[in-house]
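Subject: Structure handover and findings

Hello,

Here is the structure I promised to pass on. My notes follow below it.

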Amino acid sequence: TNPACTGVNNGSFTLTATAGAVPMTYAWPGGSGNLTALNVPVTETGLGAGTYAITLTDANGLSTVLSVT
């Protein structure tokens, strides 16, 4: 979700893993977290405007980088 206004940090993103080996970890410039089950969404809030790179790594060590704007 985009922030409501410039300079406001109320944007968010939601991750949902649909395949892969759980648990998974994710890291982004604002922090990190865990996905412990498939098809269970995790939401990060408090984002300002911009593009964020999110690295998602599964239990087998396979990684991918996602970009959210």
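First, a term: buried means under 20% relative accessible area, exposed means over 50%, and partly exposed is in between, with a 1.4 Å probe and protein chains only as the basis. Phe13 is buried by that cut-off, because its relative accessible area is 6%.

Now the ground rules. This is a predicted model, in which local features need pLDDT of at least 70, side-chain atom pairs count only at pLDDT 80 or more, and totals for chains, interfaces and linings use all residues. Residues are numbered from 1 along each chain as its sequence is written, and side-chain values use heavy atoms, with hydrogens and water left out.

Overall picture

The protein chain has zero helices and six strands. Helices (H or I, at least four residues) and strands (E, at least two) are DSSP runs, numbered from the N terminus. The order of elements from the N terminus is β-β-β-β-β-β. Along the principal axes, the C-alpha atoms fill a box of roughly 40 × 20 × 15 Å. Of the 69 residues in the protein chain, 28% are buried. The accessible surface is about 4,200 Å², and carbon and sulfur atoms hold 53% of that. These areas come from the Shrake-Rupley method with a 1.4 Å probe; for residues, only the protein chains shown count as cover. Take contacts (heavy atoms within 4.5 Å). Among those between residues at least 6 apart in sequence, 48% join residues at least 24 apart.

The sheet

Four strands form an open sheet in the order E3-E2-E5-E6, with antiparallel pairing. E3 and E6 are the edge strands; each has a single partner strand, so one side of each is left without a neighbour in the sheet. From one strand to the next, the twist averages 20°. Two strands count as paired if DSSP finds at least two bridges between them.

E2 pairs with E3 (residues 31-35) over five bridges, in the antiparallel sense. A hairpin of two residues joins E2 to E3. E2 also pairs with E5, again antiparallel, over three bridges. Tyr26 has a bridge partner in E3, Gly33, and one in E5, Leu56. Ala27 has Thr55 as its bridge partner in E5.

In a regular strand the side chains alternate between the two faces of the sheet. E2 has a covered face of Met24, Tyr26 and Trp28, and an uncovered one of Thr25 and Ala27.

The core

Which residues make up the largest nonpolar core? There are 12: Phe13, Leu15, Ala17, Met24, Tyr26, Trp28, Leu35, Val42, Leu47, Tyr52, Ile54 and Leu56. Strands E1 (11-15), E2 (24-28), E4 (42-47) and E5 each give two or more residues to this core. Such a core is a set of buried Ala, Val, Leu, Ile, Met, Phe, Trp, Tyr and Cys residues joined through side-chain atoms within 4.5 Å. In soluble globular proteins, nonpolar side chains tend to be buried together.

Leu56 is worth a look. Leaving out residues up to four places away in sequence, Leu56 touches Met24, Thr25, Tyr26, Leu35, Leu62, Ser63 and Thr64.

The rings

The structure holds two aromatic pairs. Rings of Phe, Tyr and Trp (its six-membered ring) pair if their centres lie within 6.5 Å; planes under 30 degrees apart count as stacked, over 60 as edge-to-face and the rest as tilted.

Phe13 and Trp28 have ring centres 5.3 Å apart and planes at 90°, so this pair is edge-to-face. The pair links distant parts of the chain, with Phe13 in strand E1 and Trp28 in strand E2, 15 residues apart. Trp28 counts as buried at 11% relative accessibility.

The rings of Trp28 and Tyr52 have centres 5.7 Å apart and planes at 75°, so that pair is edge-to-face. Trp28 lies in strand E2 and Tyr52 in strand E5, so the pair ties together parts 24 residues apart in sequence.

A loop residue

Asp58 lies in the loop between strand E5 (52-57) and strand E6 (63-68). Is Asp58 buried or exposed? Asp58 is buried, because its relative accessible area is 14%. Not counting residues up to four places away in sequence, Asp58 touches Gly20, Ala21, Pro23 and Met24.

Best regards

Conventions. Axes are lines fitted to C-alpha atoms, for helices over the stretch in contact, and angles run from 0 to 180 degrees between N-to-C directions.
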